[in-house]
Structures are given as structure tokens and as C-alpha cells.
Amino acid sequence: MLTIQEIAVTGYEKVIEAQDPEVGLHCFISVHNTKLGPSMGGTRIYPYQTREEALEDVLRLSKAMTYKSALAENGLGGGKSVIIANSKTEKTTPLLLRFAEVIDSLKGQYIAAEDVGSTTEDMAVIRQKTPYVGALPTEKSSGDPSRFTAWGVYRGMRAVAKKLWNEECLRKKIIAIQGLGNVGSKLANILFWEGAYLILCDKDSKVSHEQALLYGAQVIDPANFANLRCDILAPCALGGTINDQTIPELHCKAIAGSANNQLLRSENGRELMRRGILYAPDYVINAGGIINAASEFDQRGYDPKTSRDRVNNIYDTLLTIFSKAEKEHKPTNQVADELADYKLNHLIGQRAHPVAFEKMR
């Protein structure tokens, strides 16, 4: 039997926990803020060790989605969902369909999309039970967002290069990518053709070596990721890799990657600034996916060219943050938060037209 209970969390509009032991479902959905529009965020399927770990993750991720959409001015709010399960062995159609019922109970307050452990095909399954799903693999939808996320990170890296070396070109720059999933692998491909020197690592050594053969890259053990000597470090796996333990080991000039919540604590941004390491705030540089997904709600319909052009704006947004941070002697993540809060408080980028969802048959 499906049970849904609400959890009161200060600063969040709605947080729910749902369970159905019969299909193996245990999930959380967090709606952080909908001032600018309905919340949208990926569904992460991951084998969290504890309930508390899953709850903490969904809260952090949903808040980051609020700020990500606010800075992108895409007319969406911040939300996220997590399912406690191994995506390779425990993800089933009955589980996804029951999860869809949980989404549907929020009546459009939260819109799901793919994330770590879930796919666009999974979203199509969820769509059978609820209309509140984006990034579907259909002609009218935006589909797999990873190519747009990767392109946005690349554009962000060019902004980093402009700030550090007064030139956008990444040719011959040493760039280390941690995590070669959907986004990391596409980013590696883009950077290869740009002429960058790549260092790759992934928890799956087979994937690392396959990618290295494609790009003539160096492969390292993930355990050695933090102490690499490189120009740009690109965390593209799970969050929390930039923390009190890893920061003293860093030998990079900048951090610019697709992972969410790269800083374990917000104070880590100040330590990076103190060490002279330029940090591209994660929810700014990795916004390409949500920018693309939001585009399918345009009144004129989805157009990938429009999405691409909007993702390109990540370059200008980051340069604005870098400049403001330097002038005000503040960490870049603090400046990004302040800009996002300003847009939220002044309703800048608020959705002008409600999202139209197709009715279920």
C-alpha cells in the first residue's frame, strides 16, 4: 500500500516521503520554491545508505534547482526527487509507475525529469500515470538534456579561460574530468575537438580506458583526482568532492564541472578564493539541462536552436559573477547566491504563462 506523508522543513514549500514496500518504493520529493514558476528537477535513483542521507540530498538538490532556474530566468522553481534504490538492479516498471502516483499527488507543483540513475525512457514510463513530466523522448519534448548540460559546461569553461588567461580558447589547456557519464563523456568529446589535453577518471575503469582511447587521454585512479596538477578540474560525478579534506590537495587553477553541490559546505568557496582557485558555481555552469527542459514549455513549442542559444548565455552569466566577486572581494558562490536571491525577491524571470500539461487519457 502506498503511503505519503509530509515533512515540515523550514524554508521549503513542501517535502514529502512516500513508500510502497510491495514494489520497493521509498522516495522523497522536495519542492523548495515556486515563486517564479512550478518546480522542476530530476529524479535521482541512488542506493542511499540511510533515509537521512537521501533526505539531506533531496533538500540540497532542490534548493540548488531554485537558484539554477532563477539565474537562468527560465520561469521555473526548484524541486527534486530521489528514489532509494539501485538503478541497475532495483529499478522496475511497477516502482516507476507507483512513483508517478506520488508525483501526481502534487498536482503540478513538481515536474520530474531524468537525472542520475534515471533515463528519458523512465520518464516515458512515469508519463503513463501523470502529465507532470519533462524531458521525454518524443518529438514535442526536449529529450535527453545531457548534451545541453555538457555544452553549457564547455561555455562556462570558456568564460573561466577568458577570466584567467584573457582568451576563450581551451586548446592545450590541461583539463581533468571526474565522472564519464552522460555529461562527462560528452564534455570530453567537445574538449577533444577543442584541442585540450584530457585527464580522465571514473569509478568504472573500463569506461575510463575506453574514453581514453578515443581522446588520447591520460587515465588516473579516482582516488587521485583532487591532487592533480591541471588548469581546470571538472567534477562531473556526484557532489561534495570539494571539501575541507580535498581543498588542501588541489593544484588546479579553476574548478568548472557539471556535478551538483560540488562544495560540501558553502564556506569551501571562501577557501578556494583564498587559495586563488577560480570556482564556477555549479548550479550556474551546469544549468544547460534545465534550460533545455524548460524550453519545451515555450508557448510556440520546443526548438533545440532556441535552447542552444539560451545555454550559450551561461558564458556571460559567469563572467558577470567573476567580475562582481573580484570587485567585492567575495567568493563566487556567494555572489551567485546573492544574484539568485535578488531575482527571487524581485520576481525577475517569473513565468508569464502557466505550463500547459497534456491531459491524461
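Let me start with helix 2. At 1.5 Å a residue, its twelve residues should span 16 Å, and its end C-alpha atoms are 16 Å apart, which agrees. The expected span here is 1.5 Å times one less than the number of residues. Helices are DSSP runs of H or I with at least four residues, strands are E runs of at least two, and both are numbered from the N terminus.

Some ground rules. This is a predicted model, in which local features need pLDDT of at least 70, side-chain atom pairs count only at pLDDT 80 or more, and totals for chains, interfaces and linings use all residues. Residues are numbered from 1 along each chain as its sequence is written, and side-chain values use heavy atoms, with hydrogens and water left out.

Stay with helix 2. It covers residues 93-104. Which residue caps its N-terminal end? Threonine 92 does, with a side-chain oxygen 3.2 Å from the backbone nitrogen of leucine 95. Leu95, Leu96, Leu97, Phe99, Ala100, Val102 and Ile103 of this helix are buried. On accessibility, buried means under 20% relative accessible area, exposed means over 50%, and partly exposed is in between, with a 1.4 Å probe and protein chains only.

What does helix 2 lie across? Strands 1, 2, 3, 4, 5 and 6, and the helix runs at about 35° to strand 3. Contact means heavy atoms within 4.5 Å. Axes are lines fitted to C-alpha atoms, for helices over the stretch in contact, and angles run from 0 to 180 degrees between N-to-C directions.

Six strands form an open sheet in the order 1-2-3-5-4-6, with mixed pairing. Strand 1 (3-6) and strand 6 (110-114) are the edge strands; each has a single partner strand, so one side of each is left without a neighbour in the sheet. From one strand to the next, the twist averages 20°. Two strands count as paired if DSSP finds at least two bridges between them. Strand 4, residues 39-46, pairs with strand 6 in the parallel sense over five bridges. Glycine 41 stands opposite alanine 112 in strand 6.

Next, lysine 80, in strand 5. Buried or exposed? Lysine 80 is buried, because its relative accessible area is 2%. What does its side chain join? The side chain of aspartate 115, through a polar contact of 2.9 Å. A polar contact is a pair of N or O atoms within 3.5 Å; within protein, one must be able to donate a hydrogen and the other to accept it, and residues adjacent in sequence count only if both atoms are side-chain atoms. Leaving out residues up to four places away in sequence, lysine 80 touches a list that includes Phe28, Gly41, Val58, Met65, Tyr110 and Asn260.

Strand 7 and strand 8 (residues 197-201) pair over five bridges, with isoleucine 175 partnered by leucine 198. Strand 10 and strand 11 pair over four bridges, and cysteine 230 has cysteine 252 as its bridge partner. Two bridges join strand 11 to strand 12, where isoleucine 255 stands opposite tyrosine 279.

UniProt next. An unreviewed entry there places a "binding site" feature at Gly179, Leu180, Gly181, Asn182, Val183 and Gly184. Those positions use the numbering used here, feature names are shortened, and annotations may be inferred rather than shown by experiment. Glycine 181 lies in the loop between strand 7 and helix 5, and at 38% relative accessibility it counts as partly exposed. Valine 183 lies in helix 5. Valine 183 is buried, at 16%. Its contacts beyond four places in sequence are Ser146, Thr149, Ala150 and Ser258.

Last, backbone angles. Most residues other than glycine have a negative phi. Alanine 135 has a positive phi of about 55°. Alanine 135 sits in the loop between helix 3 and helix 4, and is buried at 1%. Leucine 347 also has a positive phi, near 55°. Leucine 347 lies in the segment after helix 12, and is partly exposed at 39%.
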